[in-house]
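Dear colleague,

I am passing on the structure that we talked about, and below it you will find notes on what turned up in it. Please read them with the structure open beside you.

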Amino acid sequence: MSTAPASVPAAVPSAQGPLPVVLAGARGHGRWHLENIRRLQAKGLVRLAGVCELTPLTAEELDGHGPVEQSPDFAALLASTGAAAAVICTPIPTHADLALTAAERGVHLLLEKPPAPSYAEFQRMARGVATAGVACQIGFQSLGSHAIAAIRELVAEGAIGEPMGIGAGGAWARDEAYFRRAPWAGRRRLDGVDVIDGALTNPLAHAVATALALDGATRAGDVASVETELFRANDIESDDTSCVRITTTRGSTVAVAATLCAERPDEPYVLVHGSSGRITFWYKQDRVLLQRAGHGPSEVLYDRTDLLENLVDHLAGRADLLVTPESTGAFMRVVEAIRLAPDPVPLPSGAWRTEPGESAPRRIVPGVDGLVAAAADTLALYSELGASWALSEEVTAS
């Protein structure tokens, strides 16, 4: 997708009528955004003005949207449609450049996670957005959950005693076709450019960002160090089974473990440990379980604020932006630690097996589900939990 030089005046959201939006990347995960825009369009909040795709969407794919301009040229599409906002859901290495292309034209942003493949690219994007004065929402949908504020309040009230750290676990399954879905899939670099498409930086990035948010460590300066252990069972460059342990500048600990090679895939979660209880947050479901001494377990389902709707409300002066670039700085410090770590260690052939997947075979690491759960429960790394394939791995700290 090309990014021609700026040549049009800044786009300003209209005081009346739906906000004109351009969607860059409408297939893959972009289909979710297409459907969400359709939902918000029915509420009169937005209008899909353009779609930026290398191959135009069909009439069937655009059903319910009305006339939509399409072009592979993002900059030209922003100009011709008069877009006030853009949703960017394109390959990871393109995020920063496309965000700056929009910002230079005064177009506000919903930028998919991860916002960039390196901390330097993230800073370049964030500086450009700030200079342009546009609103930029980073697409960590879990951070729109009302459970975040509720959990923070429970911890502040002492519901689980003294905070003792935060763990997170994600045991997912992805077949071999998942890593062939695009040239950049499962890559750390492509044609000399950083990609960093690993388990904790892309599919389970929400586990990292949500754990950091619950700890209150969201800005880059909140991170003191990051320990990484990166492994891969699949024939890819990047990690599919990994864990990190983050120490914050105030001394708290956040440990996140993930795999895409689970035996029995389950919902990812964040676990807040306290001296007299704990809180489990299944962030994709907005479901919270409070367990504490002297009380029976209590489970609550929370609502969620959609991030594009929040962006619209912010531009209309009705709400603060929920997920600013600044509030994802700590997550990007983790991405950078993973980027700078040694390449993931391939697991020995005896450490994994192959089973049929949805559309292709998938590789399974026996026992990894338990390791993920144990890491979230104890804030330990795989090597510290005695995984045979992790014992020779050197922990990398940055």
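A residue is called buried under 20% relative accessible area, exposed over 50% and partly exposed in between, with a 1.4 Å probe and protein chains only; strands (E, at least two residues) and helices (H or I, at least four) are DSSP runs, numbered from the N terminus. This is a predicted model, in which local features need pLDDT of at least 70 and side-chain atom pairs count only at pLDDT 80 or more, while totals for chains, interfaces and linings use all residues. Residues are numbered from 1 along each chain as its sequence is written, and side-chain values use heavy atoms, with hydrogens and water left out.

In strand β10 (residues 223–232), 8 of the 10 residues are buried, so the strand is largely enclosed by the rest of the structure. Two strands pair if DSSP finds at least two bridges between them: β10 runs antiparallel to β11 (residues 241–248), with 8 bridges, and Val223 has Thr248 as its bridge partner there.

Rings of Phe, Tyr and Trp (its six-membered ring) pair if their centres lie within 6.5 Å, and planes under 30 degrees apart count as stacked, over 60 as edge-to-face and the rest as tilted. The whole structure holds 6 aromatic pairs, among them the tilted pair of Tyr119 and Phe122, at 5.9 Å centre to centre and 35° between the planes. Both residues lie in helix α4 (residues 119–132), 3 residues apart.

Best wishes
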